[in-house]
Amino acid sequence: MHGSAALTIEHTDVVVVGARCAGSAAAIAFARAGRDVVALDAARFPSATLSTLLLWPGGRAGVGGAGARVGVRQRGAPGLTTASADGGGYQVRSSFTPVDGIDYAMCVRRTGLDAALVATAVHAGARVREGARVTDLLWSGDRCAGVRYTDRGGVHEVRARLVVGADGRRSTVARLVGAERPRLTAPSGRDCYFAYWQDGAADQRHVGAQWRRGPDLGTAFPCDDGLLLSLVQPPAQPGAPGAGRAERRYREAIERLPGLQLRLRDCRRVGRVRSATGLASYFRRSTGPGWALPGDAGHSKDPVTAQGIRDALRYGRLLGELAAPALDDTEHLDTALAAWERLRDSECLGVYQWTNRLARGTAMRPLEIELYRQADADPELADAVTAVFSRTVHPEDVFTPARSAALAAGALRASWRAPWPVLADLVGECRDTISERREARAFARTDPATVIPSRTLRGFLAAPSGDRHA
């Protein structure tokens, strides 16, 4: 306790720990349902955070679902109507499948995006407290019953029917409920470094671009205030983080990517290089008696496919929509929370596994190069692959057995004099498919929602919840 300040205690329906994408989306949904919500965040907004920033059309629709579309659009980020992927000697351009009428992506800096979401949460009726750091949870038996936090005014307790831990990868709530250890995890084969540039290529402000060469991957996403976010993901390399190391690895990766180097030719870098290393994708147990973990607190994928903001918005909102009607009955609430977790897991597992393949940090394989070649000649295929990133189709809907056979046949024709790399790639694909199926079965066996009667679960999953795309 600070000085002689007395402990203050209050009661609410829901306390949300973390007020960025997932936390704000949940707070908005609970408040719109007429519930009393307190949202706490250690930061003061506007505030930056590490992020790929990219909102695919599905993510843009998620912003609209949270009610912050106008506020985010006012940030001035350009609409990215074209996706460009350069690799294996091919440059593939594609457009976006519309989601709720939105057919473009957008890259909005988190200072503006998060501030717009917080403002929307306040407008919806949530009480947002900045500079508030949660230090402990309150319990009633084995049930989470609130939080203890500190701010400039001292120590406070908020007692609630539900604690929503939307406090990121290093979630305090996950640690305190014993859910920090993942149910499923995979280390990334890539490190991540990024910086902002003053964009000097006005004719490329509508293009979100990616380049691959050898094991390196780099991107250029135009964003608000005339800036460009350029991110590189070279193979992971052990070593202590530091400003000098990040600067060197960022510069060296750009030099190995001639296409990205050309895109940055007329740009001027502003600010320092930021890094994220030692990355891992995971699913944590994300619900329990009186608590839930949306956003990166409960599930995260490698940034190589830029899914974090979209998932935070979608599953934060769905948590509020499913749990708000159930807050007055603990049994009903626990069933709703478990239904929400099962829905998230079922929608995200396939993309998690697909992302993990792209995050290996290896050079493009023969079948990947053949995919680029065929997509370069077939705009419908190019659009379909981009739709996987936007989550309007599932990976298995595009990468079907027939598609895999066509890629294998094309790759073998292109290298008939030396087919062994293609054959090795095919063996690896079969091995990956078998491994992923086993992983999915094992993951299902650890599903905390398996005790829910199927009729009850189906009732929750049928509740109105916006789009059902993965």
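This note sets out, in numbered points, several features of the predicted model shown above.

1. An open sheet of 3 strands has the order S11-S17-S20, and the pairing is antiparallel. Strand S11 and strand S20 (299–300) stand at the edges; each has a single partner strand, so one side of each is left without a neighbour in the sheet. As background, the strands of a sheet pair through backbone hydrogen bonds, in either a parallel or an antiparallel manner.

2. **How the strands meet.** S11 pairs with strand S17 (residues 280–283) in the antiparallel sense over 4 bridges. Within this pairing, Ala-186 stands opposite Ser-281 of S17. S17 is also joined to S20 by 2 bridges, again antiparallel, and here Phe-283 stands opposite His-299 in S20.

3. **The two faces of S11.** Which residues of strand S11 (residues 184–187) lie on its covered face, and which on its uncovered face? Leu-184 and Ala-186 form the covered face, whereas Thr-185 and Pro-187 form the uncovered one. The student may compare this with the general rule that side chains in a regular strand alternate between the two faces of the sheet.

4. **A cis peptide bond.** Phe-45 and Pro-46 are joined by a cis peptide bond, with omega at about 5 degrees. Pro-46 has its place in the loop between strand S2 (37–41) and strand S3 (54–55). In general, most peptide bonds are trans, and most residues other than glycine have a negative phi. The next point concerns the second part of that rule.

5. **Residues with positive phi.** Asp-100 is not a glycine, yet its phi is positive, at about 50 degrees. Asp-100 sits in the loop between strand S5 (90–94) and strand S6 (106–107), and it counts as exposed because its relative accessibility is 58%, the cut-off for exposed being over 50%. Asp-225 likewise has a positive phi, of about 60 degrees, although it is not a glycine. The place of Asp-225 is in the loop between strand S14 (216–222) and S15, and its relative accessible area of 54% makes it exposed.

6. **A salt bridge at Asp-225.** Asp-225 also forms a salt bridge with Arg-109, the closest N and O atoms being 2.4 Å apart. This pair links distant parts of the chain: Arg-109 is in the loop between S6 and helix H4 (110–124), Asp-225 is in the loop between S14 and S15, and the two are 116 residues apart. Is Arg-109 buried or exposed? At 17% relative accessibility, Arg-109 counts as buried, whereas Asp-225, at 54%, counts as exposed.

7. The model has 36 salt bridges in total. In one of them, the side chains of Arg-127 and Glu-10 meet at 3.1 Å, N to O. Arg-127 lies in strand S7 (residues 127–130) and Glu-10 in strand S1 (residues 8–17), so the pair ties together parts that are 117 residues apart in sequence. Arg-127 is partly exposed, at 30% relative accessibility.

8. The side chains of Glu-436 and Arg-357 meet in a salt bridge at 2.8 Å, N to O.

9. **A positive patch on the surface.** Arg-437, Arg-438, Arg-441 and Arg-445 gather in a patch of positive charge on the surface. Arg-437 has its place in helix H14 (residues 420–445), and at 56% relative accessibility it counts as exposed.

10. Arg-256 and Gly-214 are 42 residues apart along the chain, and their C-alpha atoms are separated by 8.6 Å. Arg-256 is in the loop between helix H6 (243–255) and helix H7 (258–263) and is partly exposed, with a relative accessible area of 37%. Leu-227 and Ala-292 are 65 residues apart along the chain, with their C-alpha atoms separated by 36 Å. Leu-227 is found in strand S15 (residues 227–232) and is buried, with a relative accessible area of 8%.

Terms used:
Residues are numbered from 1 along each chain as its sequence is written. This is a predicted model: local features need pLDDT of at least 70, side-chain atom pairs count only at pLDDT 80 or more; totals for chains, interfaces and linings use all residues. Side-chain values use heavy atoms; hydrogens and water are left out. Buried means under 20% relative accessible area, exposed over 50%, partly exposed in between (1.4 Å probe, protein chains only). Two strands pair if DSSP finds at least two bridges between them. Patches are made of residues with over 30% relative accessible area and no salt bridge: like charges are joined within 9 Å, nonpolar side chains (Val, Leu, Ile, Met, Phe, Trp, Tyr) within 5 Å. Accessible areas come from the Shrake-Rupley method with a 1.4 Å probe; for residues, only the protein chains shown count as cover. A salt bridge is a side-chain nitrogen of Lys or Arg within 4 Å of a carboxyl oxygen of Asp or Glu. Lys and Arg count as positive and Asp and Glu as negative; His and the chain ends are not counted. The place of a charge is taken as NZ of Lys, CZ of Arg, CG of Asp or CD of Glu.
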